Amino acid sequence: MILEVNDIYTAYGLSQILFGVSLKVQEGEIISLLGRNGVGKTTTLRSIMGLTPPQSGSIKWRGEEIAGKPTYEISRLGIGFVPEDRRIFSDLTVWENLDVAIQPGRKKENVWTLERVFDLFPALKPIQSRKGGYLSGGEQQMLTIARTLMSNPDLLLLDEPSEGLAPLVVQQLGEQIAKLRREGMTILLCEQNQRFSLDLSDRLYILEKGTIKYEGTVQDFLKDEKIGRTYLAV
Ligand SMILES: Nc1ncnc2c1ncn2[C@@H]1O[C@H](COP(=O)(O)OP(=O)(O)OP(=O)(O)O)[C@@H](O)[C@H]1O
Ligand SMILES: [Mg+2]
């Protein structure tokens with residue numbers, strides 16, 4: 001098991017958001033974390049990254065406890081976070097945005113280079129000298145993921161990557177994420193767009209009001225229409 005979140009409780013000040021969330025991610029899997037608006041998906045990712053550390057519970061990375069560690073250490077251990085708000089430098093060019101993000105990581109082989117990133121996201125190559133502030137939503141999303149890959153993570157946490165993108169761009173992004181997975185990347189994907197994420201995933205978890213209400217394989221989930229109707233936006 002690469003990541004094991006066990007019974008975490010997380011709050012922002014006095015507002016309690018997560019009530020005993022547990023989930024597991026195995027190496028090479030794509031896992032969806034689904035749920036309506038405001039149920040705690042982002043908070044779960046922020047808890048894992050140490051941005052909003054849990055008050056209690058355990059988060060194990062390759063068997064080692066990381067709950068309570070500072071974010072830079074967690075990221076150095078091999079967890080890459082792609083936040084929802086697409087944090088790129090708008091005054092830097094695409095190339096510069098990627099270049100400043102280069103970190104060796106722990107990997108010895110299959111290291112991410114600019115060339116490899118442009119291979120995965122061919123649309124970024126011809127616009128390498130364009131400033132981040134002049135990119136379309138889709139280009140920004142690709143650049144945000146690409147930046148995170150430059151730190152050579154073993155696990156990617158993706159927060160609503162398809163949000164606000166045109167259908168065609170969402171489809172391309174799906175293909176790129178599928179390609180990443182074929183190359184061995186492990187991904188925890190938070191989404192409201194369940195069609196997009198289930199197409200890519202092996203297993204899923206559904207959050208509702210800070211609690212996991214369902215876990216199972218995508219196959220089993222699709223067999224039972226009731227679950228989706230109960231916990232997901234229709
Ligand atoms: N910094 C914060 N301070 C206080 N409350 C917050 C903060 N960030 C989020 N919340 C609250 O925590 C709850 C869960 O938010 P979270 O962002 O984890 O949900 P989400 O499932 O990611 O939702 P969405 O689909 O809208 O992204 C929400 O009620 C939200 O208002
Ligand atoms: Mg969110």
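A residue is called buried here at under 20% relative accessible area, exposed at over 50% and partly exposed in between, with a 1.4 Å probe and protein chains only.

The model is predicted, so local features need pLDDT of at least 70 and side-chain atom pairs pLDDT 80 or more, while totals for chains, interfaces and linings use all residues. Residues are numbered from 1 along each chain as its sequence is written, chains are lettered from A and ligands numbered from 1 in the order written, and side-chain values use heavy atoms, without hydrogens and water.

Switch to a cartoon. The chain has nine helices and 10 strands (DSSP runs numbered from the N terminus: H or I of at least four residues, E of at least two). Its C-alpha atoms fill a box of roughly 45 × 35 × 35 Å along the principal axes.

Next, select residues 137–149, helix H5. This helix has 13 residues and reaches 18 Å from first C-alpha to last, close to the 18 Å expected at 1.5 Å a residue (1.5 Å times one less than the number of residues). Because 11 of its 13 residues are buried, H5 is largely enclosed by the rest of the structure. Show side chains for the buried ones, among them Glu-139, Met-142, Ile-145 and Arg-147.

Contact means heavy atoms within 4.5 Å.

Return to the whole chain for contacts between residues at least 6 apart in sequence: 70% join residues at least 24 apart.
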